[in-house]
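Welcome! Please take a moment to look over the chain below, and then we can walk through it together, one region at a time.

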Amino acid sequence: MATNRSYGTQICPGDTRFEHVGSEIGQRFKRCLVGVRLSRVAVSFLIIFLLFHYITNHFLNVLPNESQPSLLPADTSYRLRDLKHIKDLKRIKKSVSIELRDLEHKRNQMQDDISTHQGRLNSIEQMSKKAQNELDVLKRQIIQLKNEQREAAKPKIAAPARIVASETDNIILPTPTHYYRCHMHNCFDYSRCSLFSQFPVYVYPQKRNQDKSDIILFDVTSFIIGATESAFGKNAYVTHDPNSACIFVVRLGEVETAEGANAPTKIEASRVTNWLQSLSHWHGDGRNHILLSLTRRSTAQNPLLGVDTGRAMIAQSNFAPTQFRPGFDLVIPTLAVSGSVQKPQTSEQEVDQSDNDKWLDDSRSWVDEDIPVQVPAMRKYMLSFQGQWEPAGNTQIAIEDPEGDFKRVNIGGDQTFHQVFVDSLSKELNSNLHGKYLVQLKCTEDRLVTPGYSSEWALCGNFASRSLVLAQSTFTLISAPEQPSVVTTTSIFVIRLTEAIRSGAVPVVLGTHAVLPFDEFVAWEKAAIIIPQARITELSFLLSNTPHAEILSMRRQARFIYDTYFSSPYAVVDSILAVVRSRLQIPPLPVLDEPSDVIEHESFKIENHEVSPGDAQSEFGIPPPEPRIDSPKFIRNFTMATIDSRDTWNSVPGPFNLYPYLPADRILPTDAQFMGSTNGFRPIGEGTGGTGKVYQSSLGGNSPREQFTIVMLTYERDDVLMQAIERLIGLPHLNKVVVVWNSPQPPNDALRWPKIDVEVVVVHPNRNSLNNRFVPWDEIQTECVLSIDDDAHLRHDEMLFGFRVWRQHRDRIVGFPGRFHAWDAAGGKWNYNSNHTCELSMVLTGAAFFHKYYMYLYTHWMPSAIREIVDEYMNCEDIAINFLVSHITRQPPVKVTSRWTFRCPGCPVALSQSQEHFDERHKCINKFVKIFGYMPLVFTQIRADSILFKTRLPHDKQKCFKFI
């Protein structure tokens with residue numbers, strides 16, 4: 001019996017245990033192969049096969065050949081038994097191979113099953129994630145609905161219906177003891193001017209000589225008639241229904257006399273009183289009437305002096321002290337300087353109406369190109385004064401006092417003060433210690449002398465010659481009438497003031513007794529230096545110690561006052577009505593949105609949308625899109641007309657329109673968000689704060705929740721536009737996408753617009769203009785606007801971070817690509833620069849957030865000359881909006897993240913890369929500087945990044961943003 005060392009047991013021919021041993025070996029192989037990898041099985045099988053092949057060849061080679069005589073010993077039975085054993089091994093090998101193939105098949109089948117189950121697991125995980133997101137959305141909606149339900153329990157007051165007066169609404173007012181004692185509280189009928197009346201104004205038609213039955217008392221010049229008709233014709237408050245009117249305007253104006261402008265009207269006061277009482281809506285006392293006396297000459301006429309004007313308000317430039325009623329009457333500018341678009345005249349005589357057509361047709365947005373620039377702060381002359389004193393001796397006139405009695409007063413002026421005045425100016429003229437002075441105390445023979453009242457200095461020269469001197473003066477001295485008992489203000493005084501603020505010479509008003517135009521609301525202390533007459537000897541010290549920044553600030557504010565309230569008949573008339581409306585605390589009419597020509601289109605769902613890093617679906621914690629939330633409008637209608645009334649008069653754009661929202665609206669203190677004023681606020685972590693997902697789930701901050709609107713300008717780049725819209729899928733806090741379709745032809749009907757989570761509105765302007773980017777379209781219903789080019793690739797997290805930064809800097813432009821203005825010392829001009837720098841002054845609006853308020857100002861307030869330059873070059877609109885915002889805020893823009901430019905693979909070569917593009921932008925900057933009068937851009941050396949940016953955090957904390 002032989003021993004098999006491989007199996008460790010005895011095997012005899014025909015032994016039944018052999019099959020059992022082979023079966024046991026197969027099972028061991030099976031268990032072994034199932035537990036090992038295929039590569040190991042293959043290697044083992046190869047080794048066994050080689051060993052078997054080697055053993056078989058060995059035995060076959062040592063066996064004797066049957067054809068030859070055997071050389072082996074006669075006893076070879078053991079070799080035959082070994083040969084049979086080899087055959088059994090072959091049979092075992094075959095069986096093992098079959099087992100291995102079966103096992104391989106089963107293994108492959110198991111791997112397929114595993115792959116199938118893995119796919120099902122992934123699908124289940126995706127479904128679970130989707131369900132979790134939907135659950136988060138539902139939870140968010142539930143929380144939002146609960147908040148809205150709680151906030152709805154505090155109802156908001158709806159917009160009131162308009163209430164206007166009627167003929168039967170005239171009430172009986174107690175008669176004041178004298179018309180000189182009229183004030184708003186005792187001489188004005190408030191019952192005709194409800195807060196909700198919208199301030200209707202009725203203007204009496206101007207009676208002309210064609211109707212011989214009319215009583216003509218004031219032969220008003222044709223220029224005044226044309227100017228007032230044009231101004232009132234454009235005014236939105238004017239009504240043709242006198243029964244519903246709040247205010248009645250009677251136009252008096254400049255009176256023609258054969259003796260000249262300074263001659264008295266020769267109309268008896270009693271006749272004027274009777275004429276006023278005969279007006280159809282005078283109602284016996286002239287309540288709610290404005291007697292408007294406009295003039296364009298430096299005249300000493302005062303046709304209403306001594307006239308019983310009853311309860312009517314007087315608006316004119318010449319006032320006697322007993323005639324002027326503070327808080328009731330109005331000192332207004334003359335038209336001698338307003339609208340100086342006309343060519344300079346050699347005298348103060350009236351020019352033809354045709355020379356003033358442009359002036360009469362223009363509004364406050366027009367820019368007088370003859371106005372000098374505001375820099376440098378110090379000009380050729382430190383102070384200038386031109387005038388001629390022509391006193392009338394100790395002439396006395398009779399003046400009625402407030403008690404109705406007449407007294408004799410001297411109109412020759414204060415001789416003591418007059419001598420001190422002359423000596424002080426002469427001393428400074430000769431010393432030049434505090435700078436160069438230009439003092440002319442007598443007009444030259446070849447210059448026109450325009451006399452006024454005998455207690456004031458006469459004008460020398462004409463408008464053009466005086467403007468030439470003022471353009472070279474840092475300050476100009478304006479002496480109030482030296483006899484305050486005779487006149488409170490005069491047309492010559494007002495003309496001097498108007499010419500000064502127009503030319504950029506800071507007015508130095510000598511005499512606090514003088515009443516300045518619209519001083520009830522205009523803060524003249526921000527635009528002029530007003531000192532008592534007794535300070536004339538200290539004037540030089542005061543002026544020499546005024547910092548340059550203060551000089552330029554007063555000069556800039558004076559230019560605003562001139563442009564807004566003095567520059568044209570339209571501005572003067574609108575300002576007169578605005579004074580009365582502001583007294584009554586009636587809000588102005590709301591500014592109008594631009595109607596949108598919307599093009600309907602069909603949207604399609606995007607399959608297999610690619611999610612990029614930083615998008616809402618890849619960034620941790622970014623909330624899903626929420627329902628549309630429009631910004632509340634006109635919630636400060638009446639507080640704007642009360643607590644902020646004076647502020648609106650002294651800041652851009654003035655008090656003439658009501659805006660739906662302002663970037664500088666007041667914010668609540670933090671504790672108010674949790675106690676009594678919770679409406680709309682969504683604090684982070686319910687007030688406990690947080691990072692990561694907790695931070696992303698709420699806007700937090702100092703303002704209630706809100707959303708932003710994307711405005712995307714496009715021109716014949718359909719594929720690029722569709723890709724840009726598709727990238728907005730899933731963007732939170734997005735209210736709407738407004739596509740401004742600048743192409744002349746409407747979109748092709750076959751264009752497949754991506755369906756995103758918000759409405760995509762296509763607006764088709766009537767012409768191709770880059771100014772369309774900043775038009776206040778009525779489709780924009782949020783305060784925040786993100787202006788973005790169709791080829792600008794911004795990630796969701798970048799837009800969301802920029803939005804959060806803007807919420808803390810609502811009055812500034814917040815954006816990504818930064819640029820700056822660089823001074824060319826050799827050329828003495830400004831250049832546009834896009835190089836990388838540590839200091840910038842502009843943020844390009846190809847990717848920038850700003851307040852919709854600035855769209856109103858860009859379209860309706862900013863000088864139209866700037867928009868014309870943008871259209872001329874088809875360029876520079878982003879520079880213009882940066883000029884505008886910096887001019888208003890005196891603040892630089894805010895740059896966010898490290899982006900300096902954008903790349904658009906596959907887009908056509910942009911025009912912004914050409915040298916011609918940069919040359920045009922150089923020209924734009926210098927032209928804008930001339931229009932604004934100075935360089936309004938402000939430098940900044942910082943940018944905004946997320947608070948936890950590059951901060952090492954504990955392992956259990958998350959950053960605000962993954963990539964920012």
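At roughly what angle do the axes of helix α18 and helix α20 cross? In this predicted model, helix α18 (residues 853-861) and helix α20 (residues 877-889) have axes that cross at roughly 105 degrees and come within 11 Å. That makes α18 roughly perpendicular to α20. On the α18 side, the contact is made by Tyr854, Leu857, Tyr858 and Trp861. Helix α20 contributes Glu877, Ala880, Ile881, Leu884, Val885, His887, Ile888 and Thr889. Sorted by class, the residues of this contact are nine nonpolar, two polar and one charged.

Let us now step back to the whole chain. The protein chain has 964 residues, and buried residues make up 51% of them. Its elements come to 21 helices and 29 strands. If we take the contacts with a separation of 6 or more, 77% of them are accounted for by residues 24 or more positions apart.

As background, two packed helices are described by the angle between their axes and the distance between the axes. The axes of helix α19 (residues 864-873) and helix α21 (residues 915-932) cross at roughly 170 degrees and come within 10 Å. An angle over 145 degrees counts as roughly antiparallel, so α19 is roughly antiparallel to α21. From α19, the contact takes in Ala865, Ile866, Ile869, Val870, Glu872 and Tyr873. From α21 come Glu920, Lys923, Cys924, Lys927, Phe928, Ile931 and Phe932. By class, the contact of α19 with α21 has nine nonpolar and four charged residues, with no polar ones.

Helix α21 also leads us to a sheet. The helix lies across β25, β26 and β27, and runs at about 135 degrees to β26. These three strands form an open sheet in the order β26-β25-β27, with antiparallel pairing. Strands β26 (829-833) and β27 (842-843) stand at the edges with a single partner strand each, so one side of each is left without a neighbour in the sheet. Strand β25 (residues 818-824) is joined to β27 by two bridges. Arg819, for instance, has Met842 in β27 as its bridge partner.

A further group of strands can be followed through its pairings. In general, strands of a sheet pair through backbone hydrogen bonds, either parallel or antiparallel. Strand β19 (residues 708-714) pairs with β20 in the parallel sense over seven bridges, and Thr709 stands opposite Lys736 in β20. Strand β20 (residues 734-741) in turn runs parallel to β22, joined to it by five bridges. Here Val738 has Val761 of β22 as its bridge partner. Strand β22 also pairs with β17 (residues 598-599), this time in the antiparallel sense and over two bridges.

How many residues of β20 are buried? Eight of its eight residues are, so β20 is largely enclosed by the rest of the structure. For β22 (residues 759-763), four of the five residues are buried, so this strand too is largely enclosed by the rest of the structure.

What about the nonpolar interior? In soluble globular proteins, nonpolar side chains tend to be buried together. Here, the largest nonpolar core has 135 residues, and those with the most contacts inside it are Phe199, Ile247 and Phe928. Beyond its neighbours within four places in sequence, Phe199 is in contact with Tyr237, Cys246, Ile247, Leu577, Val580, Arg581, Leu584 and Ile586. A second, separate core has 46 residues, including Phe708, Val760, Leu786 and Ile964.

Pro507 is found in strand β15 (residues 506-510) and is buried, with a relative accessible area of 1%. Pro507 and Ala527 are 20 residues apart in sequence, while their C-alpha atoms are 7.6 Å apart in space. Ala527 is also one of the residues in contact with Pro507, among them Thr476, Ile478, Leu497 and Ile529.

Arg636 is found in the loop between β18 (603-604) and α14 (645-649). Is this arginine buried or exposed? With a relative accessible area of 16%, Arg636 is buried, because buried means under 20%. Leaving aside neighbours within four places in sequence, Arg636 is in contact with Ile643, Asp644, Leu662, Asp665 and Arg666.

Definitions and conventions. Residues are numbered from 1 along each chain as its sequence is written. This is a predicted model: local features need pLDDT of at least 70, side-chain atom pairs count only at pLDDT 80 or more; totals for chains, interfaces and linings use all residues. Side-chain values use heavy atoms; hydrogens and water are left out. Buried means under 20% relative accessible area, exposed over 50%, partly exposed in between (1.4 Å probe, protein chains only). Two strands pair if DSSP finds at least two bridges between them. Contact means heavy atoms within 4.5 Å. Axes are lines fitted to C-alpha atoms, for helices over the stretch in contact, and angles run from 0 to 180 degrees between N-to-C directions. Angles under 35 degrees count as roughly parallel, over 145 as roughly antiparallel, 65 to 115 as roughly perpendicular and the rest as oblique. Ala, Val, Leu, Ile, Met, Phe, Trp, Tyr, Cys and Pro count as nonpolar, Asp, Glu, Lys and Arg as charged, and the others, Gly among them, as polar. A nonpolar core is a set of buried Ala, Val, Leu, Ile, Met, Phe, Trp, Tyr and Cys residues joined through side-chain atoms within 4.5 Å.
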